[in-house]
Amino acid sequence: MRIFNPSVVIIDNDSLDFPIAKRFKKLYSDNPSTRYQEIDHEDICFDQFQPFPKTLVEMKSTLVVTRRYGFAVEKVGEGTYDLASDYIFNVVTGCPNFCSYCMQLYTLQEVPYIAIYPDLESAMKMIQGICQTDERRPLIFELGNMADMVELEPATGILSDVIRQWADTFDPEVQLQVVTKSDNVRNLLELSPKGTVRVGITLNLPEFIDSYEKKTAPLEQRLSAIRELLAHGYRIHLIFSPIFYREGVFLKYRELFKHVKKFLSDCRGFDESDVTIETLTFFHKKGGHHEILRHYPGVAEELMQYVECPEKQTYHERYYYPDKIFKELNSLLTECVETYFPKAQAKSIK
Ligand code: SF4
């Protein structure tokens, strides 16, 4: 198991009194392998703290605790592109993983580090307010679609903070959903989620994980993490994503679904009717090729093969597989979900 360890930790002075900042100070101010620094609020956005992260590796190992990147909740779900949850919120912007297709490559120029919003109390109050006005149930709030909170957990403790508060505040009809490619779940096993927390594990063919999701857990380790989480009262959201088109993948994806179903059937606590599931076929934004080329030159051409050029695609200026391939993949995914997870709740198949 790879444990993320920040090489730089910076605390904005106006965040020093928050419990997260105090914990970081204790953890990192005397840690010889981490450079710890406190800095004035105004300096966070400029090249004032040196060395400012420039390479991808530096950006992804620098933690900055600041309120500069404020807390926000976005309504998603029905009528939007994102059907897997009802709201998305982030207390962390930035991710330690190295997925070459990551949409976050676009925001690195603006936020070239992992920004941590420290005021969890205010964030929780805002979410409680939303729950009072939005009476739909169940209501799912996805945390950290701009970060892998599970991977960050051993180094930050933030996900544990949120889960504790969530389980004490809400009943299982208001669910916290957190998405990961990590198997760093040990800290989570010590908590009592009380049916309020759903962990979304991203799954893919091992060859794609190896090639495009560097420094994430291999497939079998992700599955082992699911086993542990199920045994400790967590609910599960399965995310087959991103689905890539290559020669011969249809059979391989069928085998993947079959394998996952067999694995889960042997897990204590597995209840297929409580599982939610989504699939997402690979796409990229306009300019994606350029960003991938800049940060992951070795795989850019391979990743973008088969997708259509933006001139032919106008919908949100995204690169998609051509209609024929997309439809074939979509019917494969629909068939796999219906065959292997007929009782699960399919949130989004695309
Ligand atoms: S886990 Fe998600 S946010 Fe993190 S690098 Fe991969 S795609 Fe990006």
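In which strand does Pro-242 lie? Pro-242 lies in strand S13, residues 235-243; strands (E, at least two residues) and helices (H or I, at least four) are DSSP runs, numbered from the N terminus. The model is predicted: local features need pLDDT of at least 70, side-chain atom pairs count only at pLDDT 80 or more, and totals for chains, interfaces and linings use all residues. Residues are numbered from 1 along each chain as its sequence is written.

View 1. Pro-138 is found in the loop between H3 and S9.

**View 2. Packing of helix H3 (residues 120-133) with helix H5 (residues 158-169).** The two axes come within 11 Å and cross at roughly 35°; axes are lines fitted to C-alpha atoms over the stretch in contact, and angles run from 0 to 180 degrees between N-to-C directions. From H3, Leu-120, Met-124 and Gln-128 meet Asp-161, Val-162, Gln-165 and Thr-169 of H5, a contact being two C-beta atoms, placed from the backbone, within 7 Å. These residues divide into three nonpolar, three polar and one charged; Ala, Val, Leu, Ile, Met, Phe, Trp, Tyr, Cys and Pro count as nonpolar, Asp, Glu, Lys and Arg as charged, and the others, Gly among them, as polar.

View 3. A residue is buried if 20 or more other C-beta atoms, placed from the backbone, lie within 10 Å of its own, exposed if 12 or fewer, and partly exposed in between. Gly-157, which follows H4, has a positive phi, near 75°.

**View 4. Residues around the ligand.** Cys-95, Asn-97, Cys-99, Cys-102, Gln-104, Asp-148 and Lys-181 surround the ligand, each with its C-beta atom, placed from the backbone, within 6 Å of the ligand. By class, this shell has three nonpolar, two polar and two charged residues.

**View 5. Positive phi at Lys-194 and Tyr-306.** Phi of Lys-194 is near 55°, and this residue lies in the loop between S10 and strand S11 (197-203). Phi of Tyr-306 is near 80°; Tyr-306 is found in the loop between helix H10 (300-304) and strand S16 (318-319). Lys-194 is partly exposed, with 14 other C-beta atoms within 10 Å.
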